[in-house]
Amino acid sequence: MAALNTTEASISLPLKRVLVLSYSQTGQLTEITRRILAPLEQDSRFAVHIEPLRPVKPYPFPWGFFSFLDAFPESAHMVPPPLQPLSLSGDEDFDLVILPYQVWFLAPSHPIVAFLKHPLARKLLNGKPVVTVIACRNMWMLAQEKMKTLLKDCGARLLDNIALVDPSPTMASLWTTPFWLLSGKKDFLKLLPPAGVDQASIKAARRFGLALRDALYNNEERGVAPLLTGLRAADSNPHLLVSEKAATRSFYLWGKLLRAVGEPGQWRRYPFLVLYVIFLITLISTVVPLSLLIQSLLRPFMRRRFATLKQRFDLPSGSGTERMHQYEC
Ligand SMILES: Cc1cc2nc3c(=O)[nH]c(=O)nc-3n(C[C@H](O)[C@H](O)[C@H](O)COP(=O)(O)O)c2cc1C
């Protein structure tokens with residue numbers, strides 16, 4: 001067990017303050033965050049502040065068909081509606097920031113973007129080490145690229161990224177996720193695997209909290225090296241990149257049109273949303289499987305290219321498993 005000698009460490013360690021942002025509709029991301037935080041919360045050497053993000057106009061769950069689609073233009077352009085006032089003043093000094101977020105239309109969800117664009121975010125995050133925690137269907141690579149830009153704008157230092165995804169095949173979760181979000185039921189489509197991150201992965205997320213606790217004991221958050229290597233924190237799938245790029249472009253262009261037509265929630269947008277959903281379903285039933293098929297045929301010739309891409313998107317924490325045995329939960 002690489003866990004440090006806590007008695008020794010606690011003698012010299014001042015209280016470490018950890019800021020955690022929190023927003024979840026189904027409770028999935030809250031549950032994952034809770035698992036990660038447990039080792040820190042159970043230790044008197046840490047003060048964990050959980051800041052709930054509350055949109056002024058709450059998002060519905062389950063979503064209505066139009067309200068769900070109507071969220072994509074502002075997601076693609078990262079112009080979310082505002083949040084209710086935060087409980088923080090911006091003068092607080094945190095040692096580490098844990099930033100959990102879900103992906104909405106291939107971008108970080110509205111509440112987290114609203115937070116990162118809030119004037120307080122820069123004050124709170126400037127110079128601070130950040131660990132991002134993603135829980136989504138399985139397309140998060142380009143959202144994390146957007147997240148990196150948002151963090152950079154706040155002056156934050158991204159140390160680690162944890163990404164937990166729905167383990168079912170892409171072609172299944174492309175259908176089960178929207179049905180979950182529109183019905184509230186994970187197993188709405190009985191013939192397909194249930195939607196969402198599986199319970200075993202959620203439970204095992206505790207390993208990240210244990211490793212963070214040990215790293216904080218050793219002041220490793222002050223350095224530049226990731227704290228969560230060897231724990232399979234982010235196992236990216238570069239074969240989804242073609243689809244992510246195509247869909248991001250389409251969300252952006254159609255989003256521009258929709259934003260020109262009207263404000264979020266206005267009826268004027270609805271005919272265009274219907275048109276878009278037809279386009280989107282065509283895309284999902286053609287481009288995604290086609291791109292996955294072509295890539296599987298080309299796989300033997302493109303191994304090196306995909307390996308390079310995977311290495312890049314797995315960063316900074318990586319998908320290695322060499323420390324898993326130290327933090328088995
Ligand atoms: C409006 C909307 C768009 C979404 N788009 C994506 C997406 O592009 N990629 C993805 O992997 N998951 C996507 N999801 C799934 C979410 O990332 C997340 O897994 C799900 O909403 C549950 O999150 P929760 O913690 O808020 O309950 C989307 C969810 C919503 C509500």
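Colleague: What should I know before we start?

Modeller: It's a predicted model, where local features need pLDDT of at least 70, side-chain atom pairs count only at pLDDT 80 or more, and totals for chains, interfaces and linings use all residues. Residues are numbered from 1 along each chain as its sequence is written.

Colleague: Why does Met78 get the label partly exposed?

Modeller: Its count is 17 other C-beta atoms within 10 Å, so Met78 is partly exposed. Met78 lies in the loop between α4 and β3 (96-101).

Colleague: What is phi of Met78 near?

Modeller: Near 50°, a positive value in a residue other than glycine. Phi of Leu106 is positive too, near 65°, and Leu106 is also a residue other than glycine.

Colleague: How do you know that Gly223 is partly exposed?

Modeller: Gly223 has 13 C-beta neighbours inside 10 Å, so it counts as partly exposed. Gly223 sits in the loop between α10 and α11.

Colleague: What makes Leu241 partly exposed?

Modeller: It has 19 other C-beta atoms within 10 Å, so Leu241 is partly exposed. Leu241 belongs to helix α11 (residues 241-261). Not counting residues up to four places away in sequence, Leu241 touches Met141 and Leu309. A contact is two C-beta atoms, placed from the backbone, within 7 Å.

Colleague: What makes a set of residues a nonpolar core?

Modeller: The set holds buried Ala, Val, Leu, Ile, Met, Phe, Trp, Tyr and Cys residues joined through C-beta atoms within 7 Å. The largest one here has 75 residues, and those with the most contacts inside it are Ile134 and Ile162. Helix α10 (residues 206-217) gives the largest share, 7 residues. Both domain 1 (6-237 + 310-327) and domain 2 (243-306) supply at least three residues each. Leaving out residues up to four places away in sequence, Ile162 touches Val131, Val133, Ile134, Phe208, Leu228, Ala233, Ala234 and Ser317.

Colleague: How do you know where domain 1 and domain 2 run?

Modeller: The protein is divided into domain 1 (6-237 + 310-327) and domain 2 (243-306), with bounds from an automatic or database domain assignment. Their centres, taken over C-alpha atoms, are 24 Å apart. The contact takes 17 residues from domain 1 and 20 residues from domain 2. On the side of domain 1 that touches domain 2, the largest share, 4 residues, comes from α4.

Colleague: Which handedness does the crossing of α2 and α10 have?

Modeller: Right-handed. A crossing is right-handed if the near helix is turned clockwise from the far one by less than a right angle, and left-handed if anticlockwise. The axes of α2 (residues 28-41) and α10 come within 6 Å and cross at roughly 35°. Those axes are lines fitted to C-alpha atoms over the stretch in contact, with angles from 0 to 180 degrees between N-to-C directions.

Colleague: Which residues joined to a proline have a cis peptide bond, such as the one at Pro62?

Modeller: Phe61 and Pro62 are joined by one, with omega about -5°. Leu315 and Pro316 are joined by another, with omega about 0°. Pro62 is in the loop between β2 (46-52) and α3, while Pro316 is in the segment after α12 (270-314).

Terms used
Buried ≥ 20, exposed ≤ 12 C-beta atoms within 10 Å, placed from the backbone. Helix = DSSP H or I, 4+ residues; strand = E, 2+ residues; numbered from the N terminus.
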